[in-house]
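Subject: Structure handover and findings

Hello,

Here is the structure I said I would pass on. My notes on it follow below; please read them alongside the coordinates.

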Amino acid sequence: MERLYTAVARLEKELAVSAILLQDIASRFQEAMTEGLAGRSSSLKMLPSFIGSPTGQEQGQVIAVDFGGTNVRVLLVELAGTGRSRIAARRAFPLKDKLGHYDYTAVSASGPELFDFIAGKISEIVSDGGIYPLGYTFSFPCRQQGVDKAVLINWTKEIKTVGVEGRDVGQMLQAALENRGLERVRLQAVINDTTGTLLTGAYSDSATTIGAICGTGHNSCYLESCHPLTKRPMIINMESGNFDGVQQTKYDILLDQASEKPGAQRLEKMVSGQYLGELVRLIVGSLAADGHISSGSERLSVPYSLPTEDISAILGDTSPELEVVAAVAAARWGITGLKVSGYKAIQTIARLVAMRSARLVTATWAGILTKIDPGLVCQHTIAVDGALYEKMPGYSEQLANTMVEMFGDKAKQITIRLSKDGSGIGAAIAAATVYKGKYCNER
Ligand code: GLC
């Protein structure tokens, strides 16, 4: 029978992204961008945002709604106009109550109910009088028909609220505000969270040309210098989580087939926080099925029983006995009493899955950079937000190292930087770039 270390070595090969593969993925990604931009069939949606880069001079108090998943944030953002911003007030709330009192994400909830709930939270942070421009980050695939018109193509992230797909989510939020007598909160822009991240980066660093989320979901956008629609610079939301140019392993295929929408979001299912734990579970499950490690309880066969935070904990475990790995394996799957080599195998699997994610993401960014600046003659900043980038041990280093591996010395031209709270602050910047009125001290 194959020994444990032989099985782990085989997994190392299966999950490796070689230098040749990196280049290959980058050029496929670049081709998919060109096809999508020209309106031809492509796994990259290349959605226009109708927004270009900010000047850094945008000023005033703006309300921002950040609707990125089952948690929503409402912010009052103060833009100083010198590339600096401050969050003056914030409310964060789940759309699904833990105690089961409400769930606006379920099929039993309707669009108007969902948006009325959000409008209610906005009412808590606006004071009386005055006009508030509103920027709205809505991080789902949308057909953008104007800067403040975004039609939801389909829900992702397990949200099922009825009567929202195919409708203008900007108009739905504005209608909910008006029903509550909040006409003075005026929607200016609906954007994707990647666009928000890029805008926040670009507000203080004009070299920012790419915005990305490496968190529960994954997606990137970039600044197209001459958009075919307007012949002007415009940020394009690529919905790159849907990219299908990467070879799947058998574990990716298993995960995809058991997912809500098989075939969709193939890259996202290989790289984002929503799925990394599940990939680790499937691989550990295969080691257990082959008798390499004890299979613990039936919990190892429960889908999504390993949250991403646990992968971070596993990767951060430097103790000789791998105590944290052992604690996670026991708590999540009932796996106990392994030799250190068994826990080491689990840690190696987690590392392989996480580092593959970072390498694949870097390859897509390399594809974008080569498309917009083939000789890499300019400086580029990639603004990133999300828990994988911010918190997963070794993740951001792997992104940077892979850039060096791909571009050598020229990687000096590329800076990858955290754009903290980028999606929310970016909504405010987007609103301010659109609403050029004198909103700041009008009240
Ligand atoms: C999903 C959404 C995309 C979003 C990303 C990160 O991929 O489809 O719009 O940007 O998650 O939140």
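A residue is called buried under 20% relative accessible area, exposed over 50%, and partly exposed in between, using a 1.4 Å probe and protein chains only. On that basis, 57% of the 443 residues of the chain count as buried.

This is a predicted model, in which local features need pLDDT of at least 70 and side-chain atom pairs count only at pLDDT 80 or more, while totals for chains, interfaces and linings use all residues. Residues are numbered from 1 along each chain as its sequence is written, and side-chain values use heavy atoms, with hydrogens and water left out.

Overall fold

The chain has 14 helices and 13 strands; these are DSSP runs numbered from the N terminus, with helices being H or I of at least four residues and strands E of at least two. Its radius of gyration, taken over C-alpha atoms, is 22 Å, close to the 22 Å from the globule rule (2.2 Å times the number of residues to the power 0.38) for 443 residues, so the chain is as compact as a globular protein of that length. Along the principal axes, the C-alpha atoms fill a box of roughly 75 × 55 × 40 Å.

Contact means heavy atoms within 4.5 Å. Among contacts in the chain with a separation of 6 or more, 68% are between residues 24 or more positions apart. The accessible surface is about 18300 Å², and carbon and sulfur atoms hold 51% of it (Shrake-Rupley method, 1.4 Å probe; for residues, only the protein chains shown count as cover).

Aromatic rings

Rings of Phe, Tyr and Trp (its six-membered ring) pair if their centres lie within 6.5 Å; planes under 30 degrees apart are stacked, over 60 edge-to-face, and the rest tilted. The count by this rule is 13 aromatic pairs. One of them is edge-to-face because the rings of Phe 67 and Phe 138 have centres 5.2 Å apart and planes at 85°. Phe 67 is in strand S2 (residues 59-67) and Phe 138 in strand S5 (residues 132-138), so this pair ties together parts 71 residues apart in sequence. Both Phe 67 and Phe 138 are buried.

Tyr 136 and Phe 138 also make an edge-to-face pair, at 5.8 Å centre to centre and 65° between the planes. Tyr 136 is buried at 1% relative accessibility, and the relative accessible area of Phe 138 is 1%. Ring pairs join Phe 67, Tyr 136, Phe 138, Phe 140 and Trp 155 into a cluster.

Lys 121 lies over the face of Phe 93, 5.2 Å from the ring centre. The rule for this is NZ of Lys or CZ of Arg within 6 Å of the ring centre and within 35 degrees of the ring normal.

Asn 219

Asn 219 sits in strand S10 (residues 218-224) and is buried, with a relative accessible area of 5%. Its side chain makes a polar contact of 3.3 Å with that of Asn 192. A polar atom of the Asn 219 side chain also lies 2.9 Å from the backbone nitrogen of Ser 240. A polar contact is a pair of N or O atoms within 3.5 Å; within protein, one must be able to donate a hydrogen and the other to accept it, and residues adjacent in sequence count only if both atoms are side-chain atoms.

Exposed lysines

Lys 391, in helix H12 (residues 387-391), is exposed at 59% relative accessible area. Lys 412 lies in the loop between helix H13 (395-407) and strand S13 (414-418), and is exposed at 61%.

Regards
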